[in-house]
Amino acid sequence: MGDSIHGVLGICHVANQACPLICYKSRILFLPKGVSVMNICVIGAGYVGLTTAAVLAELGHEVNCIDQDKHKIEMLNNGEIPIYEPGLKELIYKNYNYLTFAESLDGYIKRASVVIICVGTPSWEDGSTNLCYINSVIDDLSSRINSYKTIITKSTVPPGTNEWIYTKLLEKGVPPQLFNVVSNPEFLREGSAIHDMFHADKIVIGLRPDDQQSLSVVQEMYSGISSPYIVTSLNGAEMIKYASNAFLATKISFINEIARICEAFHVDVSDVAKGLGLDPRIGPQFLQAGLGYGGSCFPKDIKSLEQTALSKNIQPHILRAVQTVNDTQIDIYIRKLRLTLDDLPNRKIAVLGIAFKPNTDDTRYSPAERFIRELSESGCIIHAYDPKAKLDDHHRPNVIQKTTVNEAIHEADCVFIATDWEEFKQLNWSEVKQLMKGTIIFDARNCLNREKVEQCGLHYIGVGRG
């Protein structure tokens, strides 16, 4: 238990079980039988780190979140949340007394019984994973471990990385009796990460063969979350994460390629997707045709898995095809826009959406952002709008981000839906028609009600809609 626990106040009898009441940082915690408050150090205050820290604090643990980004830590200590994720700000505010944000491990690692690594794993130019941040964390930990720690890796890393972490700590002189390394990959969706962690469809735990104690530590840490456990090897847990992302990306590229064929035969891909989705062997998720996948995970992880396969002389044909379809998806719809609008350089296009998906401000590998960037090369005027995301500072002068959707649409020759925010689905199309100069609505996410759009005298174009 952490240093802030003041002792058992009493016993509460619930469901015929005796449960202790504990005073923890001036909060009364009701703890089910066998559950204790843990002192946890989360390294990395990014999307995964902040979500993990907030949820573990809500579960009753004392959580110290460490990040070397001074500005980010200052923001968090001033009550500002550096990323947008629905429910995250509220959960952090609710548990502020049980969360600590700091730049250094000093003073925190000594008390922590669990260390969770949530740092970034970006790509090298060839697509392989850059483990420099992981390496830096291991260096920092190795000189500070003087009592037993369960070291949990949540960062997405190639197979073999956690075994390498274990070996490196031994090489740096950390006694084997003072630590164990666990692989516990995250399966959070940006836009619903809080819900996904509280209601996980699975908790994957990778352990070393001789590790007899880490599983119970992890189960204690996640006490309060009712999800099935998949217990496997360190390499097995790493592969489950990569295979999951690769398969979901494959479904997206598959339906986008089918959409291309549907257009050639005047078939609505939405009908095809519905037929596929009702097959229990396939399921309806990730069968929405559109601009393609993006974000911080799919593009990076599929490239990394490709390089991992090549390192073992395995030719990843499917992974390459998935990326090829995705990489060419933007080009197809810029070409369609050119065919639809003559004299494109003298047109004004309203692009609604900048983030790679709704309910996030993340623009990493965003198809919407890439579409804006490539379309800007035609010379047309682009008015972009997104409820949360911002364009970077490297766009051309002909790209202007507007603060409201109406400002973006005003006098536009075409409205292009690039991210399927709920706000865009609920637009009043009669008002849109009055604001626009032209009549073309390009639904690049197949998220609009086609009939409602066309009833207002607008010309609807979707993805593979016949």
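**Helix H4 and its neighbours**

I looked up what the buried residues of H4 pack against, and found strand S4 (39-43), strand S7 (114-117), strand S8 (149-153) and helix H5 (161-171). Contact here means heavy atoms within 4.5 Å. Helices (H or I, at least four residues) and strands (E, at least two) are DSSP runs, numbered from the N terminus.

Note on the source: this is a predicted model, where local features need pLDDT of at least 70 and side-chain atom pairs count only at pLDDT 80 or more, while totals for chains, interfaces and linings use all residues. Residues are numbered from 1 along each chain as its sequence is written, and side-chain values use heavy atoms, with hydrogens and water left out.

Next I listed the buried residues of H4 (residues 132-142): Ile134, Val137, Ile138, Leu141 and Ser142. Buried means under 20% relative accessible area (1.4 Å probe, protein chains only). They cover an arc of only 130° around the axis, so they sit on the same side of H4; the arc is that of the directions from the helix axis to the C-beta atoms. I jotted down the background: an α-helix has 3.6 residues a turn, so residues three or four places apart point the same way.

**Whole protein**

I got 16 helices and 17 strands for the protein. Its radius of gyration is 25 Å, close to the 23 Å from the globule rule for 466 residues, so the protein is as compact as a globular protein of that length. That radius is taken over C-alpha atoms, and the rule is 2.2 Å times the number of residues to the power 0.38.

I also checked burial: 53% of the 466 residues count as buried. The C-alpha atoms fill a box of roughly 70 × 50 × 45 Å along the principal axes.

Definitions and conventions. Buried < 20%, exposed > 50% of the residue type's maximum accessible area, 1.4 Å probe, protein only.
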